[in-house]
Amino acid sequence: MNDRIIRDLDPTQYLNDKLNLYIEAFISYYGEEYREFIENKLNNIFIIAYQHDIDFTYKLRLLEEQLGQDVVKDKSKEYYESIEYNSTLRVKLLNKYRKEYANRVKYLLPKKYHEIVEQYIKSDNPPFIFGIKNNCFEFEEVLGDIKTTTLYDYFTDEMDEKLNNSEVSDVEKQTIIKKRMKYFKTIGIDMGDDYSNYTKLEEYPSPEMIREIRKIKKQIQDLYNLELNSKIYPNCLFNKKEKEMGLLLDSSEEFSLIRLKEEYNCVHPNIRNNKGKMELIPEMFIYTGIDSLQRDNIIIHELNHIIEMALMDVSGNMVTIRSGWDITQDIIGEKKEHIELEHNARKYERLNEIINELLAIDIHKKFKSMYGSVFSSQNSEYNLSCCYLEQEYIAKDFFETYKKKIIESRLTGNMQVLFDAIGEENFEALNNLVNEEYQATDDFTKTTLHDDIRKRRDSILKKMNLHTMMHTSANNTNQIMQERTINRS
Ligand SMILES: [Zn+2]
């Protein structure tokens, strides 16, 4: 019972508690000879399993209903506190950024409102709805909360286009016109319900002004989101723990951005100086919000990235890390301000991900036979939803045929064992094929490309087979010669 409370309300703790089960499944799949290697890799990681407050509150209510409020409350005092902390933080930051917003758009408003905006900015406890009854000027309604639509939003170019578009319904057009008239009435200009009375007014907002207000609002929204995400629970815990652990690469910004994305899972390498020796501490971000059928598979996918990750070199501030068949670099002390989650793919990234997912599917089967569902909902069946699996058909046969060599090369970081078995040029050809398929973006090109790619895939596989046969027979001949030599001596 407590297990479920921890799983739903403190997923990071839950994942740390259950990590051993995942480790055993990995050992069972890769072989007992890898036990020490796998245990070393997976026991030295920093896990953050996160969810949004809305998921959290939903799960909390559900648990209270099923187990009784007292039971849940007793076991989860700090989780209740974290919800309260988050809601206080939101109110505080909303106030801060509303004032900032008011301050920056003030000069765009009619002069007679400047003083009242000043008062608003100075007040300790600004009202949620700010209005002047006599003048009918309502700050919130005109300029809007920084998070919602405002009356200004009905004056944009897009709205003008809608009004001139014959395909837009009359109802929608009427809404736009009514909102515009509401704007004028709100700022104290009431000329009845005929829209044409308003269009020639001096106070009619200019397109430049609307664009400026929207630009400022977008900037304020971004600042608000960034600060909120860096301070919100569990981000604040993450930042604190990262410092406590002495990690050298800065990934707090990255975590903030990951949290802004829905359901984002990834691993991020980090390092620390352990008595003069640099060691790798990978960070793993797992989203556990909504109930997922595939959570265990996702966790295994990310853990497998960690097993295949190794610190290659630290020289000066430059950190070089191997990840499967790929090499990545990071810089110590570099503050990442604008991280693009959709970055340019590395050379082997696509193929790497496909193979990683195929391995994860295999390992998950093992895991399920050993422990059933741990983080996933009960009795879930895996279905192919990983975005990389669109190109799976290119690599599946290659994976099944050369699984042993593939695993060996990925765990040791030695690609030569794979090249020796199948030929480097054939491996490169297969990788190019995956990238080519991925780059064909529209469906039409993809469909016509599919048959062609299948043919080329089969021809690459034949060449791989041929290489294996020649390589193996050459080895056998060598062995026989050696045996003869031994016999002679
Ligand atoms: Zn991945």
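Me: In which sense do β4 and strand β7 (residues 283-287) pair, and over how many bridges?

Reply: General idea first. Strands of a sheet pair through backbone hydrogen bonds, either parallel or antiparallel. Here β4 and β7 run antiparallel, joined over three bridges. V267 has M284 of β7 as its bridge partner. Two strands count as paired if DSSP finds at least two bridges between them. Helices (H or I, at least four residues) and strands (E, at least two) are DSSP runs, numbered from the N terminus.

Me: What should I know about the model and its numbering?

Reply: The model is predicted: local features need pLDDT of at least 70, side-chain atom pairs count only at pLDDT 80 or more, and totals for chains, interfaces and linings use all residues. Residues are numbered from 1 along each chain as its sequence is written.

Me: What is the strand order of the open sheet that holds β4 and β7?

Reply: The order is β1-β7-β4, and the pairing is mixed. β1 (46-50) and β4 (266-268) are the edges, each with a single partner strand, so one side of each has no neighbour in the sheet. From one strand to the next, the twist averages 20°. Angles run from 0 to 180 degrees between N-to-C directions, and axes are lines fitted to C-alpha atoms, for helices over the stretch in contact.

Me: Which helix lies across β4 and β7?

Reply: Helix α14 (residues 295-307) does, running at about 170° to β7.

Me: Which strands form the antiparallel open sheet, and in what order?

Reply: Three strands, in the order β8-β9-β10. β8 (309-315) and β10 (326-331) are the edge strands, each pairing on one side only. Neighbouring strands are turned by 25° against each other on average, direction ignored. Six bridges link β8 to β9 (residues 318-323). D313 faces T320 of β9. Another pairing, β9 with β10, is antiparallel with six bridges. There S323 stands opposite D326 in β10.

Me: How many residues lie between β9 and β10 in their hairpin?

Reply: Two. G324 in that turn has a positive phi of about 65°.

Me: At what angle do helices α6 and α11 cross?

Reply: The general idea: two packed helices are described by the angle between their axes and the distance between the axes. The axes of α6 (residues 77-105) and α11 (residues 207-231) come within 10 Å and cross at roughly 155°. That makes the two helices roughly antiparallel. The words have cut-offs: under 35 degrees is roughly parallel, over 145 roughly antiparallel, 65 to 115 roughly perpendicular, and the rest oblique. The crossing of α6 with α11 is right-handed. A crossing is right-handed if the near helix is turned clockwise from the far one by less than a right angle, and left-handed if anticlockwise.

Me: Which classes of residue make the contact of α6 with α11?

Reply: The residues come first. α6 gives L89, R90, L93, Y97, E100, Y101, R104 and V105, while α11 gives I213, I216, K217, I220, L223, Y224, E227, L228 and K231. Eleven are nonpolar, none polar and six charged. Contact means C-beta atoms, placed from the backbone, within 7 Å. Ala, Val, Leu, Ile, Met, Phe, Trp, Tyr, Cys and Pro are nonpolar; Asp, Glu, Lys and Arg are charged; the others, Gly among them, are polar.

Me: How do α2 and α15 cross?

Reply: The axes of α2 (residues 11-30) and α15 (residues 349-371) come within 9 Å and cross at roughly 120°. That makes α2 oblique to α15. The crossing is right-handed. Among the α2 residues that meet α15 are L21, Y22 and F26; on the α15 side, they include I363, F367 and Y371. The contact has nine nonpolar, one polar and three charged residues.

Me: At what angle does α2 pack with α3?

Reply: About 145°, with the axes of α2 and α3 (residues 35-43) 10 Å apart. The crossing is right-handed. L19, I23, F26, I27 and Y30 of α2 touch R35, I38, E39 and L42 of α3. Seven of these residues are nonpolar, none polar and two charged.

Me: Where is Q219, and how far is its C-alpha atom from that of Y101?

Reply: Q219 is in helix α11. Q219 is partly exposed, with 13 other C-beta atoms within 10 Å. Buried means 20 or more such atoms within 10 Å, exposed 12 or fewer, and partly exposed in between, with C-beta atoms placed from the backbone.

Me: What share of the residues is buried?

Reply: 28% of the 489 residues. The protein has 20 helices and ten strands. Among contacts with a separation of 6 or more, 65% join residues 24 or more positions apart.

Notes. Two residues are in contact if their C-beta atoms, placed from the backbone, lie within 7 Å.
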